[in-house]
Amino acid sequence: MTEEMSEGSRPRAGPPRAIVTPRLRLRPLRLDDAETLAALLDDFEVVRMLARVPWPYGVADAESFICDYGDETVFAVCLKASGELVGVCGLHPGRRGGNAGDLGYWIGRRHWNQGYATEAAHAAIDYGFTALGLDEITVSCRVINEASRRVVWKCGFRFSGSGMIDTLASGRVAAEHFSLDRSCWRSLKAWGGTP
């Protein structure tokens, strides 16, 4: 990442800063992203794996989300070379409370199997532990979502349990939960990578 962030700094008000990775640029969402966002989420194969996205999903849904995502840190995931929006990645206050955050991400189907979700998740995790000063980041994925599970493992999360989650598009579904704490993240960064 090219953005300078100091570890342990506290959360700040306002939108997140842009983050540049080898192939991606994560930036704040803009209202003019609404049509592209809606087009990417006009695919039930994407939406059925997400907890908080309704089906069907239209431009009005995208505009509403962009205008008010509350206390979440949300990034548009864009290709660095072209600027094309390919997905969304972000952190929201953790379900466990305290100084924790929940990671969420999705990539449009045309851009699957290229490692973009892992690259974006790595950047969001680093941002969470540095710029937001989080102590723990959690993530959940449906048990049938093998691609998301691979992203989770590549980011160094450990399995913390299974259960059910409520989703807007698919109802109540089986999910697996994972966590990554600050000390494990530091170790992974010191070793120069993730498992």
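User: Is Glu72 buried or exposed?

Analyst: This is a predicted model. Burial is judged by relative accessible area, with under 20% as the cut-off for buried. Glu72 comes to 16%, so Glu72 is buried.

User: Which residue forms a salt bridge with Glu72?

Analyst: Arg52 does, with the closest N and O atoms 2.9 Å apart. Now place both partners. Arg52 lies in the loop between helix H2 (44–47) and helix H3 (59–67). Glu72 lies in the loop between H3 and strand S3 (73–79). The pair therefore ties together parts that are 20 residues apart in sequence.

User: How many salt bridges does the count come to?

Analyst: The count comes to 12. Take Arg23 and Glu119, whose closest N and O atoms are 2.8 Å apart. Arg23 sits in the loop between strand S1 (19–20) and strand S2 (24–27), and Glu119 in helix H4, so this pair ties together parts that are 96 residues apart in sequence. Arg23 is partly exposed at 35% relative accessibility. Glu119 is buried, at 12%.

User: Which residues are linked with Arg149 in a network of salt bridges?

Analyst: Glu146 and Glu176. The Arg149 to Glu176 bridge spans 2.7 Å, N to O. Arg149 is in helix H5 (residues 146–154) and Glu176 in strand S8, so their bridge ties together parts that are 27 residues apart in sequence. Both Arg149 and Glu176 are buried.

User: What about the nonpolar side chains?

Analyst: In soluble globular proteins, such side chains tend to be buried together. Here the largest nonpolar core has 35 residues. Among the members that touch the most others are Leu26, Leu103, Ile125 and Phe157. Helix H4 (residues 116–130) gives the largest share of this core, nine residues. A second, separate core of 20 residues includes Leu41 and Val46.

User: What does Leu103 touch?

Analyst: Leaving out residues up to four places away in sequence, the contacts of Leu103 include Leu91, Ala121, Ile125, Ile137 and Phe157.

User: Which residues of helix H6 are buried?

Analyst: Start with the general idea. An α-helix has 3.6 residues a turn, so residues three or four places apart point the same way. In H6 (residues 182–191), the buried residues are Arg182, Trp185 and Leu188. Seen down the axis, they fall within an arc of 125°, so they line one face of the helix. Ala190 and Trp191, on the other side, are exposed. The cover over the buried residues of H6 includes H4 and strand S8 (171–181).

Methods. Residues numbered from 1 in each chain as written. Predicted model: local features only at pLDDT ≥ 70, side-chain atom pairs only at ≥ 80, totals over all residues. Heavy atoms only, no water. Core = buried A, V, L, I, M, F, W, Y, C linked by side-chain atoms within 4.5 Å. Buried < 20%, exposed > 50% of the residue type's maximum accessible area, 1.4 Å probe, protein only. Helix = DSSP H or I, 4+ residues; strand = E, 2+ residues; numbered from the N terminus. Contact = heavy atoms within 4.5 Å. Arc of directions from axis to C-beta. Salt bridge = Lys/Arg side-chain N within 4 Å of Asp/Glu carboxyl O.
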